[in-house]
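Here's a quick briefing to read with the model open beside you. Have a look at the fold, then work through the points below.

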Amino acid sequence: MTIVDRGMRRSIRWALRPPKQPRAAVLSRRVATVAVSAVQSPSPPPSCPVTATPTTPESSIGRRRQAIRDAKPFSEFLTDNFNRQHDYLRISITERCNLRCMYCMPEEGVQLSPNEQLLTSPEIVYLSSLFVSQGVTKIRLTGGEPTVRPDIIPLMQQIGALRKHGLRELALTTNGISLHRKLDDMVEAGLTGINISLDTLDPFQFQIMTRRKGFEAVMKSIDKVLDMKARGIQLKLKINCVVMRGINDKEIVPFVELGKVNDIEVRFIEYMPFDGNKWNQKKMVPYQEMLDIIREKYPGLQRAAGHKNDTSKTWEVPGFAGKLGFITSMTHNFCGTCNRLRITSDGNLKVCLFGNSEVSLRDMIRQRSHAGSLDAQSTEYIHHSEVEGREAELLDVIGMAVKRKKEKHAGMGQLENMKNRPMILIGG
């Protein structure tokens, strides 16, 4: 074990020591147990699927009864005034990206935050453990481009260790440029799902839309994921395609056909407005129009069963191995079943992708520490009196932010005029 590893462990232990107040003490002990276990137990779960033991109806009924007995009310801190329970957390782990996609980043680029304003890895693990302790079962790492973060593998190992405390899914949204080089280690760290952003199947058009080269690398990453799935590794794969009129709308059917023989869900995303992406309604191809385009080639297209909290509407072509999804934020919002919260790279909590209100969790974590950010060297500077009650205070602030979440976001005609971050700084 390295000096840094020992320092990180000491830092987390000190930062998560339980306060003396009765209510806060219970919260602190729960979060401390989760977070320290994550740091001490980076050993990843096996990458290959475990064959399930055949069960009898009696044992299945017994497990269901036990689950009912063990069931606990969902956290009040993560439940909003419309009774939406937020068990899905997206964490942006970097603002940097190796592409410059036209719908994501302004042509002139973005002003990156100074490093000292970004969350450290111990802070990301700490916040992950806090949310898991309150009922979050799925964490997705986003960016920028998350694979450019140098310590992404050990970070995923520590978050993946939270599976013993209730985390069920650890997912990644990536442009796929360097994924193929890190995928084996990520799967060993506990990765269960990958969303790859790809907006064209034409290498030349790829360079126009992303303002960079890299199409071959993305396809190599997709092929590697498919190879893993063929070998029995349980790994969900989705391809995210933002459809823009006059740019890539002619490629809708070729994208559909990616799922003819491959277990891929291709998700078509309505073009959304963010600061600097020069959005206008004429560029947006609505959901219904996309369906009509696909039906011209595949009239048997039919709606598939979905889940309550799906962001996408799922369809399928009979006989195809894969499925289709449509993310219809602009024409048919799915706000009523939204279960997602976001933490930006600089530590702000966003309760809605299209909301411009944010609250800094980073500042709350650091406000009592003379050392500033929570990192591997902070042990000597953190005192128990400075962190006492931190978890209770954080949860109170998180709860208030969640309670302020609106029933639905503003519609077209308002979103394009609303001040918000560029998508790359949100992790959208």
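Is arginine 211 buried, partly exposed or exposed? Arginine 211 counts as partly exposed, at 28% relative accessibility; buried means under 20% relative accessible area, exposed over 50%, and partly exposed in between (1.4 Å probe, protein chains only). Keep in mind that this is a predicted model, where local features need pLDDT of at least 70 and side-chain atom pairs count only at pLDDT 80 or more, while totals for chains, interfaces and linings use all residues. Residues are numbered from 1 along each chain as its sequence is written, and side-chain values use heavy atoms, with hydrogens and water left out.

**The overall picture**

- The protein has 13 helices and 12 strands, with helices (H or I, at least four residues) and strands (E, at least two) taken as DSSP runs numbered from the N terminus.
- Of its 428 residues, 55% count as buried.
- Take the contacts between residues at least 6 apart in sequence: 74% of them join residues at least 24 apart, where contact means heavy atoms within 4.5 Å.

**Helix H4 and its partner**

- H4 runs over residues 121-133, which is 13 residues, and spans 18 Å from its first C-alpha to its last. That is close to the 18 Å expected at 1.5 Å a residue, the expected span being 1.5 Å times one less than the number of residues.
- Because 13 of the 13 residues of H4 are buried, the helix is largely enclosed by the rest of the structure.
- The axes of H4 and helix H13 (residues 390-403) come within 12 Å and cross at roughly 70 degrees. Axes here are lines fitted to C-alpha atoms, for helices over the stretch in contact, with angles running from 0 to 180 degrees between N-to-C directions.
- On the H4 side, the contact uses Tyr126, Leu130 and Phe131; H13 brings Arg390, Glu391, Leu394, Leu395 and Ile398.
- By class, the residues of this contact are six nonpolar, no polar and two charged. Ala, Val, Leu, Ile, Met, Phe, Trp, Tyr, Cys and Pro count as nonpolar, Asp, Glu, Lys and Arg as charged, and the others, Gly among them, as polar.
- Just after H4 comes glycine 135, with a positive phi of about 120 degrees.

**Salt bridges**

- There are 12 salt bridges in the structure, each being a side-chain nitrogen of Lys or Arg within 4 Å of a carboxyl oxygen of Asp or Glu.
- One of them pairs arginine 245 with glutamate 289, with the closest N and O atoms 2.8 Å apart. This pair ties together distant parts of the chain, 44 residues apart: arginine 245 sits in the loop between strand E5 (236-243) and helix H9 (252-256), and glutamate 289 in helix H10 (residues 287-297).
- Lysine 323 and glutamate 316 meet in another salt bridge, at 3.9 Å from N to O. Lysine 323 is partly exposed at 35%, and glutamate 316 is partly exposed at 23%.
- Glutamate 358 bridges to lysine 350 at 3.5 Å, N to O. Here glutamate 358 is partly exposed at 30%, whereas lysine 350 is buried, with a relative accessible area of 0%.

- Most residues other than glycine have a negative phi, and most peptide bonds are trans.
- Arginine 211 has a positive phi of about 60 degrees although it isn't a glycine. You'll find arginine 211 in the loop between helix H7 (203-210) and helix H8 (215-230).
- Asparagine 83, not a glycine either, has a positive phi of about 65 degrees. Asparagine 83 lies in the loop between helix H3 (57-70) and strand E1 (88-92), and is exposed at 59%.
- Glycine 143 and glycine 144 are joined by a cis peptide bond, with omega about 10 degrees. Glycine 144 belongs to the loop between strand E2 (138-142) and helix H5 (152-160).

**Around aspartate 202**

- Aspartate 202 is in the loop between strand E4 (193-197) and H7, and is partly exposed at 34%.
- Leaving out residues up to four places away in sequence, aspartate 202 touches Phe215 and Glu251.
- Aspartate 202 and phenylalanine 215 are 13 residues apart in sequence, and their C-alpha atoms are 8.2 Å apart in space.
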